[in-house]
Amino acid sequence: MAKANRKVAGKAGQGAGKPAPKATPPVDGVVLSEQQKRQRRARSLAIAGVLGFLVLLFYVVTIVKLGPNVMNRPL
Amino acid sequence: MSDVSVSLDKTAGAPDIAGGMASPGDFLALLKPRVMSLVIFTALVGLVRAPDHVHPVIAFTALLCIAVGAGAAGALNMWWDADIDAVMKRTVRRPIPAGRITPKEALAFGLTLACFSVGVLGLLVNVLSAALLAFTIFFYVVIYTMWLKRSTPQNIVIGGAAGAFPPMVAWAAASGSVSLESVLLVAIIFFWTPPHFWALALYRADDYARAGVPMLPVVAGGDETRRQILLYTLFLVPLALSPVALGYAGIAYAVVSGVTGAGMLWLAFDVYRKRTGDAAVAAARKLFGFSILYLFLLFATLLAEAVIPGV
């Protein structure tokens, strides 16, 4: 704290008459509330579930369309 | 056919207020789940009654695609009708007028589901059923929702065809073709639609008038609507018996169709006679409620005859 104070004092001494350093600018872009984050996560999980189900559906239908002997082949 | 000027401005596609606020349940509500359940049921009957055997997985896929396609049409209907939904008591709590989903989100959701359902049906089942599903969605969204609903009192007569197609789509999914029996199933639902919806419109006329929708009671009055309900019911009941005459249905269906058809006629006459006061509203409500049971019993009996030996 003393070092910081000396630094500030030093700076103040050197920069007499100069304006104080600018404050950090506000954050840009979209900031979601907690509820919006929860709802976005729920939607993402729903979409992931649907896509996973679609993958499974395509796989099963492909097996069905290949016919009953699809597993019966010489290795 | 009379044109009625619509008092409300069309505001579909209004600027987003804020997106990203909806839960998966809100998107599910966009699909009109109760309508979807009726679509699934009638499609199941079409699937089962088709002459060719279809693998259960393919059958499940077909039903799923038809259900999602119907849901997509419902979502797009809600997108387009968000402005009138906001002023009608019956529909004000829907996701878009309630502010839970933006119009753009609903549009994107509906279009995505429509394309996926038709695409998957075409890839995994057959092209004919996919084409019929695409036509059904197009008919409901473009012909009925965007054009007829706001411009003619015959809106639900013509537009009701979209709700009648699912059994034929499912039939085509199972057999690769359509037939007279599948056309009969479509015709039964088609001629059932006007008395069903006009019974609702009789006791919701104020709501439709407020929204500027030219339903028959709003445009032509209650008396003419009652006359039309009776005429359509007089045509519907023998039509619903025709599968028996043509050899597509058996004794069980003849009995159920005859008894419930008599009930429909009785209630339609009741609506025709009672024109004022609470009795008129009660009669219309009874007919509306019974019409749902009527259609359900007809199709349930057709399903039972197809799957239960000896029925």
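User: What should I know about the model before reading its values?
Analyst: The model is predicted, so local features need pLDDT of at least 70 and side-chain atom pairs count only at pLDDT 80 or more, while totals for chains, interfaces and linings use all residues. Residues are numbered from 1 along each chain as its sequence is written, chains are lettered from A and ligands numbered from 1 in the order in which they are written, and side-chain values use heavy atoms, with hydrogens and water left out.

User: Why is B:Met168 called buried?
Analyst: Buried means under 20% relative accessible area, exposed over 50%, and partly exposed in between, with a 1.4 Å probe and protein chains only. B:Met168 has 11% relative accessibility, so B:Met168 counts as buried. The residue lies in helix 9 (residues 166-175) of chain B, where helices (H or I, at least four residues) and strands (E, at least two) are DSSP runs numbered from the N terminus.

User: What does B:Met168 touch, not counting residues up to four places away in sequence?
Analyst: B:Met168 touches B:Leu132, B:Val178, B:Ser182, B:Val183 and B:Val186; contact means heavy atoms within 4.5 Å.

User: What makes B:Arg93 exposed?
Analyst: Its relative accessibility is 65%, so B:Arg93 counts as exposed. B:Arg93 is in the loop between helix 4 (82-85) and helix 5 (103-124) of chain B. Beyond four places in sequence, B:Arg93 touches B:Ala98 and B:Arg100.

User: How do you know whether B:Tyr232 is buried or exposed?
Analyst: The relative accessible area of B:Tyr232 is 16%, so this residue is buried. B:Tyr232 belongs to helix 13 of chain B. Leaving aside neighbours within four places in sequence, its contacts are B:Gln154, B:Val157, B:Phe191, B:Pro194, B:Pro195 and B:Trp198.

User: Why are helix 13 and helix 14 of chain B called roughly antiparallel?
Analyst: Helix 13 (residues 222-245) and helix 14 (residues 251-273) of chain B pack at an angle of about 175 degrees, with their axes 9 Å apart. Axes are lines fitted to C-alpha atoms, for helices over the stretch in contact, and angles run from 0 to 180 degrees between N-to-C directions. Angles under 35 degrees count as roughly parallel, over 145 as roughly antiparallel, 65 to 115 as roughly perpendicular and the rest as oblique. Helix 13 of chain B is therefore roughly antiparallel to helix 14 of chain B.

User: Which residues make up the contact of helix 13 with helix 14 of chain B, by class?
Analyst: By class, this contact has 17 nonpolar, four polar and two charged residues. Ala, Val, Leu, Ile, Met, Phe, Trp, Tyr, Cys and Pro count as nonpolar, Asp, Glu, Lys and Arg as charged, and the others, Gly among them, as polar.

User: What makes a set of residues a nonpolar core?
Analyst: A nonpolar core is a set of buried Ala, Val, Leu, Ile, Met, Phe, Trp, Tyr and Cys residues joined through side-chain atoms within 4.5 Å. The largest one has 105 residues, and B:Leu30, B:Trp198 and B:Phe299 are among those that touch the most other members. Helix 3 (residues 56-80) of chain B gives the largest share of this core, 14 residues.
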